[in-house]
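Open the model in your viewer and keep the selection tool at hand. The stops below say what to select and what is there.

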Amino acid sequence: MVNPTQSPSLDRDCTTLSRHVLQQLHSFSAEAQDLSALMNRVALAGKIISRRLSRAGIVEGVLGFTGETNVQGESVKKMDVYANDVFISVFQQSGLVCRLASEEMDKPYYIPENCPIGRYTLLMDPIDGSSNIDTNLNVGSIFAIRQQEGDDVDQSASDLLQNGHKQIAAGYILYGASTMLVYSLGNGVHSFTLDPSLGEFILAEENMKIPEQGSVYSLNEGNFWQWEEPIRNYVRYVHRQEGYSARYGGALVGDFHRILQQGGVFLYPGTVNKPEGKLRLLYESVPLAFLVEQAGGQASTGRQRLMDVVPDKLHARSPLIIGSPKDVALVESFYQESSIASE
Ligand code: AHG
Ligand code: MN
Ligand code: MN
């Protein structure tokens with residue numbers, strides 16, 4: 001007789017992302033099926049990008065620049081273009097997504113054949129931290145899913161210019177020593193590790209909780225004299241305390257992943273020349289704000305809860321302070337102090 005009791009390792013191998021998404025939704029409604037299919041497509045994009053990154057240096061077209069400049073005025077890397085094309089390809093003929101908005105494209109990419117039924121928009125940073133690629137360091141992809149509102153007949157995508165509460169799902173894929181996918185549908189944050197032998201994302205941690213406080217502060221101190229005074233004061237404060245550690249990898253996804261697991265704070269503040277900072281709201285900071293709040297953390301501009309910020313354009317930027325609730329509150333207290341002083 002075969003013993004029907006499953007072994008723990010078999011149980012673990014069967015807790016795949018697609019099963020988890022359906023469990024999260026507690027339903028087999030059309031919307032639940034759609035979200036499950038959307039997440040599966042995002043996962044497929046992650047697997048394709050991960051496969052290519054893992055062969056950097058031995059196949060053509062992974063390392064280096066294209067010679068072009070993107071809408072942000074940044075030099076485009078070959079992997080930026082490849083990853084952007086991967087996301088478009090996996091959503092073509094899916095019937096799920098009418099538009100994809102990306103860091104790499106001036107305007108959203110429309111898939112007209114999907115539009116009559118595909119009422120979702122995928123927003124993405126196809127490769128985050130692309131300067132890390134050529135040195136074999138971690139990079140990521142960030143994504144968010146929003147319901148399309150209205151018909152967008154003039155293709156202005158103006159319905160995307162709303163705050164972060166409009167996101168119905170968000171997450172990232174981290175291409176590190178292993179490939180991980182972290183996501184939330186607004187009901188906790190869950191992480192998965194890609195098992196290359198199965199080609200499946202397997203549950204690593206359910207309902208992740210960020211520590212209330214951490215020892216890591218993560219920001220590019222090369223910008224010290226460009227920051228506004230509250231950030232300089234915060235960093236001066238940290239330097240005088242014992243027990244803080246600076247960690248900065250140059251890729252938001254990796255730096256954020258460390259903080260989500262171990263606590264602390266990531267900062268990309270505004271500078272004198274760029275008061276709005278570097279990071280883009282719709283497909284970088286707001287998806288991570290959604291995740292961090294789901295894990296019990298906070299995300300702020302320094303003066304406002306990040307989830308409440310309404311972007312004025314598709315590629316709008318904002319300062320980002322994100323992480324453990326006590327650490328974010330501490331940074332905010334330096335902004336409050338400076339506004340009292342200036343009254
Ligand atoms: P991207 O590669 O998508 O343009 O993003 C890079 C971002 C982010 O990942 C990282 O935290 C930050 O830029 C690093 O910027 P600095 O080099 O200015 O520190
Ligand atoms: Mn980025
Ligand atoms: Mn990018």
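Start by selecting Glu-229, Pro-230, Asn-233 and Tyr-234 in helix 5, which meet Val-331, Phe-334, Tyr-335 and Ser-338 in helix 8. Contact here means C-beta atoms, placed from the backbone, within 7 Å; helices are DSSP runs of H or I with at least four residues, strands are runs of E with at least two, and both are numbered from the N terminus. By class, this contact has 5 nonpolar, 2 polar and 1 charged residues. Ala, Val, Leu, Ile, Met, Phe, Trp, Tyr, Cys and Pro count as nonpolar, Asp, Glu, Lys and Arg as charged, and the others, Gly among them, as polar.

This is a predicted model, in which local features need pLDDT of at least 70, side-chain atom pairs count only at pLDDT 80 or more, and totals for chains, interfaces and linings use all residues. Residues are numbered from 1 along each chain as its sequence is written, while chains are lettered from A and ligands numbered from 1 in the order in which they are written.

Now show the whole of helix 5 (residues 229-240) and helix 8 (residues 325-341): their axes come within 9 Å and cross at roughly 130 degrees. That angle makes helix 5 oblique to helix 8.

Next, select helix 2 (residues 17-25) and helix 3 (residues 30-54), whose axes come within 9 Å and cross at roughly 150 degrees. Helix 2 and helix 3 are therefore roughly antiparallel to each other. Leu-17, Ser-18, Val-21, Leu-22 and Leu-25 in helix 2 meet residues of helix 3 including Leu-35, Met-39 and Ala-43. The contact divides into 8 nonpolar, 3 polar and no charged residues.

Then colour the chain by domain: the assignment, automatic or from a database, gives domain 1 (4-205) and domain 2 (216-342). Their C-alpha centres lie 24 Å apart. The contact takes 37 residues from domain 1 and 28 residues from domain 2. On the side of domain 1 that touches domain 2, the elements giving two or more residues include strand 3 (97-102) and strand 5 (120-128).

What is around ligand 1? Select Glu-74, Glu-103, Asp-125, Asp-128, Gly-129, Ser-130, Asn-220, Gly-250, Ala-251, Leu-252 and Lys-278, each with its C-beta atom, placed from the backbone, within 6 Å of the ligand. This shell divides into 2 nonpolar, 4 polar and 5 charged residues. Both domain 1 and domain 2 give residues to the shell, so ligand 1 lies between them.

Note on methods. Axes fitted to C-alpha atoms, helices over the stretch in contact; angles between N-to-C directions. Parallel < 35°, antiparallel > 145°, perpendicular 65-115°, else oblique. Contact = placed C-beta atoms within 7 Å.
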